[in-house]
Amino acid sequence: MNEALLAVRGLRVDFVTEGGPLRAVDGVSFDLSPGEVLAIVGESGSGKSVTAQTILGLTRSPNARIEGTASLRGEELLAASEAELRKVRGDRIAMVFQDPLTSLNPVRRVGDQIVEAIRAHRERIGRREARRLTVEMLDSVGIPQPERRVDDYPHELSGGMRQRAMIAMALALDPEVLIADEPTTALDVTIQAQILDLLRRLNRERDLATVLISHDLGVVAEIADRVLVMYAGRVVEEGALDEIFYDPQHPYTWGLLGSLTRLDRDRPERLPQIRGAPPSLLDLPAGCTFRPRCPHAFGRCTELPDLEARGGEAAGHRDRCWLTPGEKRERRAVGGRIGLEEAR
Amino acid sequence: MSAERPSAHDEPLLQVSGLVKHFAVKRGLLIDREVDRVRAVDGVDLRVAPGETLGLVGESGCGKSTLCRTVLQLLRPTAGSVRFEGREIAGLSRREMRPLRPQMQMIFQDPYASLNPRKRVGQIVGDPLRIQRSASGAELRRRARELLERVGLSSADVDRFPHEFSGGQRQRIGIARALAPQPRLIVADEPVSALDVSIRAQIVNLLDDLQEEFGLTYVFVAHDIGIVRHVADRIAVMHEGRIVEEGPADRVCERPSHPYTRSLLAAVPIPDPRESRARRRTGDVRS
Amino acid sequence: MARFAARRLLGMLLVLFAVTVIVFLIFNVIPSSDPAARIAGQRGATDPQLIANINREWGFDESLPVQYGRMMMKVFGGDLISYTTRQGVDEQIWEGVPATFSLCIGAAVIWLSLGVLFGYLSAVRAGGLTDRALTILALVGISMPVFWLAAIFLYYLTFKVELFPSGGYVPLTQNPLDWAYHLVLPWLTLAVIFVGFYSRVLRSNMLDAMNEDYVRTARAKGLSDRQVRTRHVLRNSLIPIVTLFGLDFGVAIGGGAILTESIFNLQGVGQYAAEAIANLDLPPIMAVTMFAAFFIVLFNALVDIAYAWLDPRIRLEGPAR
């Protein structure tokens, strides 16, 4: 159980853009164990999507420079050839994207697109057999009347059904890893709950390791085992789910947790906010990238902290903040809950 | 949100009764005949007191956007009444509505689509004043600068273009534009849904401050019931063209009476792992 | 679908009616278009009695609506007579149809295949040498006037070097090889501008499609680049091309080939129309216009139907479930 299924080390992705060179991902490392759900949390510009897409080689282009390693059961992916990667995509690592309406080809039937995925990897499976498998998959993700839905076009399905169909397509070949990039963001809250239930069930039944990318901590709390918090291309905190929510070590995490609305608590006078905005990746501040927005910044913050376990408790709980564990415990308590204190 | 809660006995700023907006589905060989109707808004009653924030919650397709546009007379109501400051405005012609428009403004969801990319920010913010001829030239520029500062941008931004700003900043520009004609009512249609989580709170707090400073009345539409609960005094829950529940925000969220409201609340993920696990253990109904 | 088609058909008839009325009115407004004078020819200039007789005999002294009615009856009755040549108009049109169709269909095959090929290559190698070369070729093709290109072809390929015949049409049934031989230059002349245009349109559509989310999904599924390009990018990009083609082909048959036919003396419907216009001869003009309008409107309707079939989002039968 403890050998990592997917091991990423020092992932770095640079793009050449009109505005200059841009570092979208800066030294990201993590392990994914079989059956584990890892959540990568971040906002726009955090690099979470680029990280996921780079693992599958989807960001390869003449404008991109990719460094580091990502290995699936020891097989190196980042340096692999297109032909080798193609065998991994869909078959061993599958990906589900945010908006199922634009992520499916609008002029082809849903069933055809799933059949295409199946036959791309299993040439010996005939059309009829592939279609039967497709209907089975649609059924297993909870789509009613799958034998009729299989001939529908994407726009003929509701948002929730579409996302289930995408999940069905991703899992048709029984991959070991599922990467889900904001799978519920475009959906209504009741549908979101259903999709999360589905993902949880699939994770359990198939022992499916999942990387869930999201900006929504509520979603993360429902489904993740471990959490990576990313900011401006770097991991600023990582740890087990409970560690992140109940013992967060980085001010950005405090800010994210603080700005959450809780239906089961009294509402605060003013919604806690993080001042400023995520930085432009073309013009990052030196040292700790969160420094301009952090009310607790002090002299040392001009030096970039390494990602380390500073609390001395769990080795897997690491962060990039120079404050001492005592200071962190003190400062994150704002008005009886965890939060980021307003600017002094 | 505001310090003194508006009393229910105040004359409502906005009163909507039996509002209906249907869209006809037409079919026919030579001449289009109506074969069906899409009942986007199917008999809605609402009232908003001056200085109050009414939260409107519902999922996609429930008709909340159509409701907003129909109330503001951007769409012609099929039936029903809309009284603004006691005056009936449902069914008024465009000319008759013109003098009223400055008093009711709208903030839109998509900060990328709701600003004309070819216009400078100063122009965008000043347009409402220019159209109403309430200011021009140097005075216009001054007002635009003032508004930008008020929403947290700098007056130097007046000459820049929308694409030079981030999503949160663009939304501030949209707010400045809505404030320009000094409205009494602002309808905010999903104003923070498209923004980063850490920016949402900033915009919500800004709207709060502006409400106090200018005595604004808000109708705040969103599908995120958590945000709505924070900003609203009263909440109306919309489902398939009708309001299924309405009441003080805390009451609706803590003791919902309608099954739809209950299912909506039950579906909201709890950002607290222990609570979330506990809830799942006791097996609540989700589907 | 059936209801949709029926509506388009009715629309077609209305459009055709409107077209004939407009042509008729225009013709009667043009100065020096007096048909009696045309029929009388030289003698009419000196003999007013002849003009009066012709007016009565042919019905030119009657009111416009009556004249219009009579002409329409002749059109449908098949006995429309040209004012100048005194020959049956529909026979003339019928004789010209094989040439026009041969020209248009052949050119269409060329312009579709080359246009799609060049567009695809341009898109796949966007920014590279192939792309730039094809782009220049396309722009040159689009800019060249048809009659100029035809003249160039004629000069260099039939005159300086007698590689191709300089004109004339040989029926397919008579001698297929000769038929093709005579049509090569006309085909190329007509096709060039379309090849340029279509390759640009396809290139643009494909480049847009390549950035779409569903292409990213296709790659993430493990499809090869070629599979992604053909099954997703090309397939989606061809839909607008199909509809464009339908419209262009309708126009070409309807009379877009006038210049090409005339220059190469193919004796097709287009050339017939050109001559009738030069002579201000109303019956052929009317008939050819109706012929053209029919095809254009027909292809318009076909294109609408085809588009609805190819792009299911456009289907007009009921809202999404």
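Predicted model: local features only at pLDDT ≥ 70, side-chain atom pairs only at ≥ 80, totals over all residues.
Biologist: What share of the residues of chain C counts as buried?
Modeller: The C-alpha trace of chain C spans about 85 × 60 × 35 Å along its principal axes. Chain C has 321 residues. Of these, the buried share is 34%.

Biologist: Among contacts in chain C between residues at least 6 apart in sequence, what percentage joins residues at least 24 apart?
Modeller: Two residues count as in contact if their C-beta atoms lie within 7 Å. Take the contacts in chain C between residues at least 6 apart in sequence. The part joining residues at least 24 apart is 72%.

Biologist: Are α1(C) and α13(C) roughly parallel or roughly antiparallel?
Modeller: Helix α1 of chain C covers residues 2–29, and helix α13 of chain C covers residues 282–310. Their axes come within 9 Å and cross at roughly 155 degrees. Angles over 145 count as roughly antiparallel, so α1(C) and α13(C) are roughly antiparallel.

Biologist: How do the residues of the contact of α1(C) with α13(C) divide into nonpolar, polar and charged?
Modeller: The crossing of α1(C) and α13(C) is right-handed. On α1(C), the contact residues include F4(C), M12(C), L16(C) and F27(C). On α13(C), they include I285(C), M290(C), F294(C) and D304(C). The contact divides into 19 nonpolar, two polar and two charged.

Biologist: Which helix supplies the largest share of the side of chain B that touches chain A?
Modeller: The contact takes 32 residues from chain B and 33 residues from chain A. In chain B, α6 (197–214), α7 (225–231), α9 (259–267) and α10 (273–281) each supply at least two residues of that side. The side of chain B divides into 14 nonpolar, twelve polar and six charged. The largest share, eight residues, comes from α6(B).

Biologist: Which strand gives the most to the side of domain 1 of chain A that touches domain 2 of chain A?
Modeller: Chain A is divided into domain 1 (6–224) and domain 2 (248–338), with 30 Å between their centres. Their contact takes nine residues from domain 1 of chain A and six residues from domain 2 of chain A. The domain 1 side divides into three nonpolar, four polar and two charged. With four residues, the strand that gives the most to that side is β2 (residues 20–32) of chain A.

Terms used
Residues numbered from 1 in each chain as written. Chains lettered and ligands numbered in written order. Axes fitted to C-alpha atoms, helices over the stretch in contact; angles between N-to-C directions. Parallel < 35°, antiparallel > 145°, perpendicular 65-115°, else oblique. Left-handed = near helix turned anticlockwise from the far one by under 90°. Nonpolar A, V, L, I, M, F, W, Y, C, P; charged D, E, K, R; others polar. Buried ≥ 20, exposed ≤ 12 C-beta atoms within 10 Å, placed from the backbone. Domains from an automatic or database assignment.
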